[in-house]
Amino acid sequence: LQKTTDCIFIFTPGPESRGNCFDYHLGSAYIIACLKANGFHAQQYIRNDPARLEVCTREIINFNPKIAGFTVYDSNYNISVLIADQIKKLSPRTIIVFGGPCSSVHHDFIMNTCSFVDGCFINEGEETFLEFITRLSAANFRYEETDLSSIAGLSYRQSNRIFRNPENRIWRNHSDSRNFLDNFPSPYLSGVIPPEEGHNAGILTARGCNQNCVYCNCAVLSNRKISTHSVERVISELDFISHFLKGNQILTFQDDTFTLIPNRAAEICKVITDHRIKVRLSCITRCDCVDESLLDKMKEAGFVSLTFSLESAIPKILRKIGKVHVAEDFPSDSMEKEIRFIESFNRVAAYAKKIGINSIITSVMVGLPGESLSEANQTIEAVDRNSNIDHYSHNFLKIFKGTPLSIDYEKYGYKLRYLNNNPVFVRMTYPEDFVRKVFISPKSHLHSLKKDNDKSSLNILSLIPQNKGVPGFSNIILQADHVQGEFVKWLKEILDINGTIIQLYSGEKAINSLSDSNYEKFIKYSSPSLNIRNYYLEESGDARLLLSSESVLLKSYSESENIKICGIGQIRSGLENPAVKFMKTLAREENHKDSVAAHSLLCEVGRAKNPFLFLTGKKALPYFANMCKWTRNLANCVARKTLIINEKNEVRFCWYGSVTGSVGQSYKEIISCLDSEIQKTKNRRDCARCKEESNCIKCPFPFPLPEAEYCEDKKTTDTIRAAELIIGLDQIKQIFY
Amino acid sequence: MKEGTNQLGDLTVSEILEAALGSDRAGQILQEIQNAIDQELKGDDLKRRIYEILCKFAVEDIEVYHILLRAPQVVT
């Protein structure tokens, strides 16, 4: 990346992001391509490894950007605000602007509450941004002296006053929006997004939606107009990207509804096939915008995954939300259109599956206007029964500002509450609160999400080191019911942007009564992450279950699917028993017997002729919370990526370790305290003279083993290879379970 | 994820790979991990190499999962 730029674009991660990276963003890439074509230096801030606020901010400022532009969604709003504020403090002359859907909808709120934001872009940004930077450039980037009036689609602050220009909707300004998007250079062909990133960023063939769904703001933001690329442009991008995708990577068409104009979609597919472009594709569309003939063409073009939005399988509800026909509360007809829509959903899903499109996904929304518990369950059961549907997104209705529903939602009994008086963070109350009682099928994305979160949580709780990156903590384990403001403020110094926060509550009552108010504190005090997972412990026979708030919601989850915590001694004999499953068990060394059991397991693996074959021929082992002390370097006290904090605000690196700091201390102080503890341990044990010095991790906290016994075990038995293999193979569980 | 993989707790590690990816790809993965071990990769290096091997052969399953998590309703 060039180290001086007119404008840097920042797409901060959020709880739903792929890891905690700063990624490319297709929308900002379009703007960057436009700026570059007009002679400006513009680029995306990319960071693939986690980093703290201080590190990210310094890196951004080091580009000497005249403008820092943030792409803001509801999900990354908090982090965008946090970083923007910090940039302004450290570099007051940098002009801070927000764009993206959140800025388009909440620009008034942002301008009124974030004094460090100089401007908000409303709707499409290419023309507005170009005009903005052209005028600034003409004034040599003297912001206060630049005339920004009459730039359509801009809200801005000058002389401490807020000005709001008329909105800009590019398709309003052009009578024929067909192929209008070709006026903008390609983000790929102009080198803004590397083609090998295509499977992450996707491509656009068209923008906007002309449908009438009352809950959705896609159509609102596009003024119910569609603006397209030419087929030639789509093909040239696809052809270019296709040469750089690896293996089975999938390229997604990010259009709101790819086949909204079926003839155009068919033409694109035909040209892909004619040009023999080899690419695996996916898209979201509507079942009433495809037929068998188009599906054949899509299959031939390379589509491997299709998402057909459904929302409800009840005709009356489809009418109320305007999914097929303009919304009506009391239809006077027999709702033939909706009945045909549901029939066509079943028909096209079956046909797509039949011709070999392997991944068929749908989306369902519960809590829709006038919907009863029984009707919501009927929809879910219909999707659950349909063997042609592989997965579905189980969404809870949200009311977005600007949508038709946001005007008359109260008549349906919904109540909205803004957390911290911030309209970006809305808590909804549904009539009868039935959304929590609705059946959630195992096909739902919520099950996948819980499974994914549990796996990641198990990895964190077992303190297995993750990617090293720059200094900073990627994970916080908070063992407390209450979140304090001082704690959240401190996180800004020590926790990576979008790092994981696992909060362990004392019980179900505590999680139910406190998790909402705690979340509000994370927002209020500007947490560097809202990637928060809430768990509580519950006794269950010999073991303890680690349950999350989702465990209650996902009633179809059996007890064995939840995280179980127990001592290794308790399960050592069960490791040979095929009836006992350990996929989601965290085994800890809680007493001396547990340590002996762990050591004997490692010796058994180590004695095998080929330890790797031995382990892969066994069923998957549990996660081990204290395996690190038997490795050479796979420990949290080496990688320093996870901190455990208790309700006394004491800080530890290990479940059984000494206190190595407290909330409020700087990152350097905490690390220095740990270094000192490790050095004292080495001196006390005289590690420098030990024959195992180069192989031993020198665990400073070998509890429950006495120090002498730990040293003796390390000297007399080779545990390293077995422990490292077990940890390495844990990743198979991470990916496939 | 392929059918039947919700019962992974019953399977051995190599069977898990076979259930998820088919025996060909599972065999390739196991062979590549064995090669990494034979090359004496250790500790963090071995762990990272195993992850790279798994991603190389299992990318399709990971990609489909990511598509699923893109909820169509949500724009803001």
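1. Among contacts in chain B between residues at least 6 apart in sequence, what percentage join residues at least 24 apart? The share is 42%, where contact means heavy atoms within 4.5 Å.

2. Please bear in mind that this is a predicted model, in which local features need pLDDT of at least 70 and side-chain atom pairs count only at pLDDT 80 or more, while totals for chains, interfaces and linings use all residues. Residues are numbered from 1 along each chain as its sequence is written, chains are lettered from A and ligands numbered from 1 in the order in which they are written, and side-chain values use heavy atoms, with hydrogens and water left out.

3. Chain B has three helices and zero strands, both taken as DSSP runs numbered from the N terminus (helices H or I, at least four residues; strands E, at least two). Of its 76 residues, 50% count as buried, that is, under 20% relative accessible area, with exposed being over 50% and partly exposed in between (1.4 Å probe, protein chains only).

4. Chain A contains an open sheet of seven strands with mixed pairing, in the order β2-β1-β3-β4-β5-β6-β7, two strands being paired if DSSP finds at least two bridges between them. Its edge strands, each pairing on one side only, are β2 (42–44) and β7 (161–164) of chain A. Strands β3 (residues 67–71) and β4 (residues 95–99) of chain A pair in the parallel sense over five bridges, and A:Ile67 stands opposite A:Ile95 in β4(A).

5. Helices α1 (residues 26–37) and α5 (residues 126–138) of chain A pack at an angle of about 45°, with their axes 9 Å apart; axes are lines fitted to C-alpha atoms, for helices over the stretch in contact, and angles run from 0 to 180 degrees between N-to-C directions. That angle makes α1(A) oblique to α5(A), since angles under 35 degrees count as roughly parallel, over 145 as roughly antiparallel, 65 to 115 as roughly perpendicular and the rest as oblique. Residues making the contact include A:Tyr30 and A:Ile31 of α1(A) and A:Phe129 and A:Ile133 of α5(A).
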